[in-house]
Amino acid sequence: MKKWLFALIAVPALLVGCGDKEEPTTLKEPEMPAMLEVEILTPKEVAINEPIELAAHVEQGGENIDDAIVEFEVWESGKRDEGQMIEGTLEKDGVYKATTTFDHDSVYYMFAHTTANGIHNMPKQQITAGTPDMSQIVPEDEKANNNMMEHGNDTSDDAEHGDDEKNEKNHH
């Protein structure tokens with residue numbers, strides 16, 4: 001009789017435990033938005049003392065983006081600190097434009113700083129204005145790489161001693 005009583009209590013308890021419970025829904029991983037594609041349309045060689053059209057086409061996932069923020073940063077080779085930011089305005093179909101003029105022969109660089117839908121992309125282009133003396137031009141990429149190396153590789157005596165002291169403490 002005790003077995004029957006136990007069965008009468010245990011079976012319903014098990015059935016309640018196996019009831020229709022809603023399982024917690026698994027959180028979906030947020031989808032990564034498509035990469036912001038920025039194609040610079042500005043010619044790589046331009047004349048001096050004439051208006052130059054800085055232009056970029058912006059798209060994401062194959063669709064034109066007409067609500068991006070586009071700023072063209074332009075500077076002469078070796079004079080990045082003297083560069084200027086020029087706001088791009090939407091012309092149509094994801095194409096943003098601004099105008100500038102180069103008043104002497106040189107090599108210039110341009111970033112098309114572009115932000116849309118929480119993503120930033122900044123392609124760079126070299127622009128040759130007129131016929132500059134290339135022996136006077138500072139290669140921009142080499143200069144940037146040298147600065148990166150200086151910041152990333154600290155070989156001072158203090159840094160070496162600091163590591164030695166840490167190693168000594170770990171061994172004692």
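Reader: So two strands pair if DSSP finds at least two bridges between them. How many bridges join β9 to strand β10?

Author: There are 3, and β9 and β10 (residues 119-121) run antiparallel. Ala116 stands opposite Ile119 of β10. Strands here are DSSP runs of E with at least two residues, helices are runs of H or I with at least four, and both are numbered from the N terminus. The model is a predicted one, where local features need pLDDT of at least 70, side-chain atom pairs need 80 or more, and totals for chains, interfaces and linings take in all residues. Residues are numbered from 1 along each chain as its sequence is written, and side-chain values use heavy atoms, leaving out hydrogens and water.

Reader: Thanks! What's in the protein chain overall, how many helices and strands?

Author: The protein chain has 3 helices and 11 strands. Read from the N terminus, the order is α-β-β-β-β-β-β-β-β-β-β-β-α-α.

Reader: Which strand does β9 pair with over 6 bridges?

Author: That is β11, residues 124-129, and the pairing is antiparallel. β9 also runs antiparallel to β5, and 8 bridges join those two.

Reader: And Tyr109, what does that residue face in β11?

Author: Its bridge partner in β11 is Gln126. Tyr109 also stands opposite Trp75, on the β5 side, where β5 and β9 are joined by their bridges.

Reader: Which pair is stacked, with what numbers?

Author: Phe102 and Tyr108 form a stacked pair, with 4.0 Å from centre to centre and 20° between the planes. Phe102 counts as buried because its relative accessibility is 4%. Tyr108 is buried too, since its relative accessibility is 6%.

Reader: Let's go back to Trp75. What lies over the face of its ring?

Author: Arg80 does, at 4.2 Å from the ring centre. Tyr109 has Lys124 over its face, at 5.0 Å from the ring centre. The test asks for NZ of Lys or CZ of Arg within 6 Å of the ring centre and within 35 degrees of the ring normal.

Reader: New topic, backbone. What is the phi of Asn117 in the hairpin of β9 and β10?

Author: Asn117 has a positive phi near 50°, and the hairpin has 2 residues between its strands. Most residues other than glycine have a negative phi. Asn117 is partly exposed, as its relative accessible area is 48%.

Reader: Where does Asn49 lie?

Author: Asn49 lies in the loop between β2 (45-46) and β3 (51-60). Its phi is positive as well, near 60°.

Reader: Is Asn49 buried or exposed?

Author: Exposed, because the relative accessible area of Asn49 is 53%.

Terms used:
Phe/Tyr/Trp six-rings, centres within 6.5 Å; stacked < 30°, edge-to-face > 60°. Buried < 20%, exposed > 50% of the residue type's maximum accessible area, 1.4 Å probe, protein only.
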